[in-house]
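Work through the exercises below with the sequence and the model open. Try each task before reading its solution.

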Amino acid sequence: MVIRITNPEIVLILWTSRCPDLKFLGLSLDLLYHNGPVIANLISKWKNLQVLSIGHCYMLNEMFAQLRLHCKNFVGLIFCYSWIGHEE
């Protein structure tokens with residue numbers, strides 16, 4: 001039996017529980033834009049996260065707050081196809 005999960009929020013939550021030692025995370029523009037608050041909250045569970053690659057600056061302040069508090073080994077941030085303006 002194959003179960004197809006189409007809700008990205010559920011996939012992210014399941015992924016977090018199965019990969020607590022995640023070191024590199026790449027998030028697409030669509031995934032981050034539509035699930036930003038969920039992702040910002042889940043970052044606190046990835047204690048060993050070292051590099052985050054994102055395709056959009058949405059929820060950037062919230063993600064930085066979580067990274068600073070919970071990801072002590074964090075060393076790199078990659079922006080793919082993103083534009084950072086004066087408000088960010």
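**Exercise 1. Find the bridge partner of Leu25 in β2, then trace the chain between the two strands.**

Step 1. Leu25 has Leu52 as its bridge partner in β2. Helices (H or I, at least four residues) and strands (E, at least two) are DSSP runs, numbered from the N terminus.

Step 2. β1 and β2 run parallel and are joined by 4 bridges. Two strands pair if DSSP finds at least two bridges between them.

Step 3. From β1 the chain passes through α2 to β2, a right-handed β-α-β crossover. Right-handed means that, with the strands pointing away from the viewer, the path from the first strand over the helix to the second runs clockwise.

A note on the source: this is a predicted model, in which local features need pLDDT of at least 70 and side-chain atom pairs count only at pLDDT 80 or more, while totals for chains, interfaces and linings use all residues. Residues are numbered from 1 along each chain as its sequence is written, and side-chain values use heavy atoms, with hydrogens and water left out.

**Exercise 2. Which residues of α3 are buried, and which are exposed?**

Step 1. Place the helix. β2, α3 and β3 make a right-handed β-α-β unit.

Step 2. Leu60, Met63, Gln66 and Leu67 are buried in α3. They cover an arc of only 130 degrees around the axis, so they sit on the same side of α3. The arc is that of the directions from the helix axis to the C-beta atoms.

Step 3. The buried residues of α3 pack against α2 (29–42), β2 and β3. Contact means heavy atoms within 4.5 Å.

Step 4. Asn61, Arg68 and Leu69 are exposed on the other side of α3. Leu69 has a relative accessible area of 56%. Its C-alpha is 9.4 Å from that of Lys47, 22 residues apart in sequence.

**Exercise 3. Is Ser44 buried or exposed?**

Step 1. Ser44 is in the loop between α2 and β2.

Step 2. Its relative accessible area is 14%, so Ser44 is buried.

Step 3. Leaving aside neighbours within four places in sequence, Ser44 is in contact with Gln66 and His70.

**Exercise 4. At roughly what angle do α1 and α2 cross?**

Step 1. The axes of α1 (residues 8–18) and α2 cross at roughly 35 degrees and come within 10 Å.

Step 2. The crossing of α1 and α2 is right-handed: the near helix is turned clockwise from the far one by less than a right angle.

Step 3. α1 makes the contact with Pro8, Glu9, Leu12, Ile13 and Thr16, and α2 with Leu31, Asn35, Val38, Ile39 and Leu42.

Methods
Buried means under 20% relative accessible area, exposed over 50%, partly exposed in between (1.4 Å probe, protein chains only). Axes are lines fitted to C-alpha atoms, for helices over the stretch in contact, and angles run from 0 to 180 degrees between N-to-C directions.
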